[in-house]
Amino acid sequence: METSGGGGVALCVDLDGSLLRSDLLWESLFQLLGEEPARALSLPSGIAGGKANLKHRIAERVELDAATLPYHEEVLAFLREQKEAGRTLVLATASHQKYADAVAEHLGLFDHVIGSDATHNRRGAAKIAAIREAVGETFDYVGDSDADLPLVAACRKLYLVDPSRGLREAGEKAGNVERTFEKPAKARGFRPLVKLARPHQWAKNALIFVPMLMGQAVTLTNLLIVLLGFAAFSAAASSIYIFNDLVDIESDRRHATKRRRPLAAATVAVPTALKLGLGLLGLGLLLAAFGGLAFLGWVVLYLVLTTAYSFSLKRRLLVDVILLGWLYTHRVIAGGLLVPDAFPSQWLLAFCAFMFISLAFAKRYTELAAAGDGKANARRGYRRDDLPLIGNVGPTAGFMALLVFSLFINAQQRAAAVAQTIGIDPPYEHPWVLWLVMPVMMFWVLRVWFLAYRGELHDDPIAFAIRDRLSYVCAAAVALFLLLAAG
């Protein structure tokens, strides 16, 4: 390993995939898509002006924070060693000059910075010419992809960073590979891809089982079709999570916990995430088609609403919470479409609407409280002084759900009395047992909000419930009381 000044030979470093574990063109494109969808969708009309023009148009609209970018730590440490040894360092990238300058200013390592502008795309031969103009004919180079193939013969020594197969073979053939930096262990294998799909969030889709269970329509056929619907919703939901993460890379990196997400941490490349998202989307729609046309249409509507939420509505005051609450109720209705004989009653839908609004407010309360001065939630449309109001409206919505449930119990008691009079079987043989559900649910709702107030409810309340043992105890108690009430 070379640690000297390299005999006075300049060391030129590629940015995307080499110094950074990500690609700034992809990141800036998706950030523009999240912030200005209409402008991003109009970009294809400007491709005729060339890739340099495309990069320039994006860079004019998008700001990237060099301090939060995912640097390849081993490469960065190597460059610092070379700088301390007195070597000339050059940042030579096809990314826009604006971003290259920002990275160079943040790191304070480079003597020269070469990037693309509105008319010149500094890639391949154009990069070689710019490097030679800056430091002369002889230079060493750090690269990673097939885009660097022309540099193999042009440089004296080649440093590879998790190289593509083509670049590795070309370097070995040329015999000038000095060192290879491999991909960090946390970015290897399938684990980052699984984490990106967020399978732990699939538990939310269990709501589609609710109509079948509440309607006492559990048969093998119904169970299989609802399981199919669960798989369809899970695949579709994962695709939306991935697309949401794509447009939120920059903001996620500033978040205390979201910065560990695969895209924000660059353990999954943006193109790979895009392919996975599209694959899961296609799988979700294919599975949904087996549930019937109505169910397929309901899944498509879910995708439309979640996409609108990700790209725009999550930044709209109150609209975001109402839509977030609705998306949970949306799953319940989906279960009714799969089992028409157990389509949810107005009682169940009203209960769900209030309960999920309460949980959506709890999610926003937790995010806003954790933001400190509130700057991290500026894109959500909320301010820190909204906390008291959110803290009042959220629990109230939860108790409205319990009020609906109490009215439902009263209705079931009257239905049981009428059924006994006319000699038919009532929906619930022992409706008075349903009152035992009330204290359990009251305890759970209050506990969620107590934890939110104390700052101990991290992010999504549904995700919290999935990991919380006491929530499982409450769910088991509710299920038992429902079974006893049914007789």
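## Overall layout

Take the contacts (heavy atoms within 4.5 Å) between residues at least 6 apart in sequence: 66% of them join residues at least 24 apart. Keep in mind that this is a predicted model, where local features need pLDDT of at least 70, side-chain atom pairs count only at pLDDT 80 or more, and totals for chains, interfaces and linings use all residues. Residues are numbered from 1 along each chain as its sequence is written, and side-chain values use heavy atoms, with hydrogens and water left out.

The chain has 20 helices and 6 strands, taken as DSSP runs numbered from the N terminus (helices are H or I with at least four residues, strands E with at least two). Its C-alpha trace spans about 100 × 45 × 40 Å along the principal axes. Of the 487 residues, 50% are buried, meaning under 20% relative accessible area, with over 50% called exposed and anything in between partly exposed (1.4 Å probe, protein chains only). The accessible surface is about 22400 Å², and carbon and sulfur atoms account for 62% of that; the areas come from the Shrake-Rupley method with a 1.4 Å probe, and for residues only the protein chains shown count as cover.

## The largest pocket

Rolling a probe the size of a water molecule over the atoms shows where empty space is left. On a 1 Å grid over the protein atoms alone, a cavity is a set of points where a 1.4 Å probe fits but cannot get out, while a pocket is an open set with protein on both sides within 12 Å along at least five of seven lines; lining residues have an atom within 4 Å of a point. Points are joined across faces, edges and corners, and a volume is the space filled by probe spheres set on them.

The largest pocket holds about 1700 Å³ of space. It is lined by 49 residues, and the closest to its centre are Leu 207, Val 210, Met 214, Val 478 and Leu 482. Helix α20 gives the most to the lining, 10 residues, and other helices supplying at least two each include α10 (210-214), α16 (346-370) and α17 (387-422). By class, the lining has 43 nonpolar, 5 polar and 1 charged residues (Ala, Val, Leu, Ile, Met, Phe, Trp, Tyr, Cys and Pro count as nonpolar, Asp, Glu, Lys and Arg as charged, the others, Gly among them, as polar).

## Cores

A nonpolar core is a set of buried Ala, Val, Leu, Ile, Met, Phe, Trp, Tyr and Cys residues joined through side-chain atoms within 4.5 Å. The largest has 124 residues, and Leu 19, Tyr 71, Leu 79, Val 103 and Phe 110 touch the most other members. Helix α16 gives this core its largest share, 12 residues. A second, separate core has 17 residues, including Ile 114 and Leu 167.

Setting aside neighbours within four places in sequence, the contacts of Tyr 71 include Leu 19, Arg 21, Val 103 and His 106.

## A glycine in a loop

Gly 291 sits in the loop between α13 (270-289) and α14 (293-311). Is Gly 291 buried or exposed? Gly 291 counts as buried because its relative accessible area is 19%. Beyond neighbours within four places in sequence, Gly 291 is in contact with Ile 225 and Leu 338.
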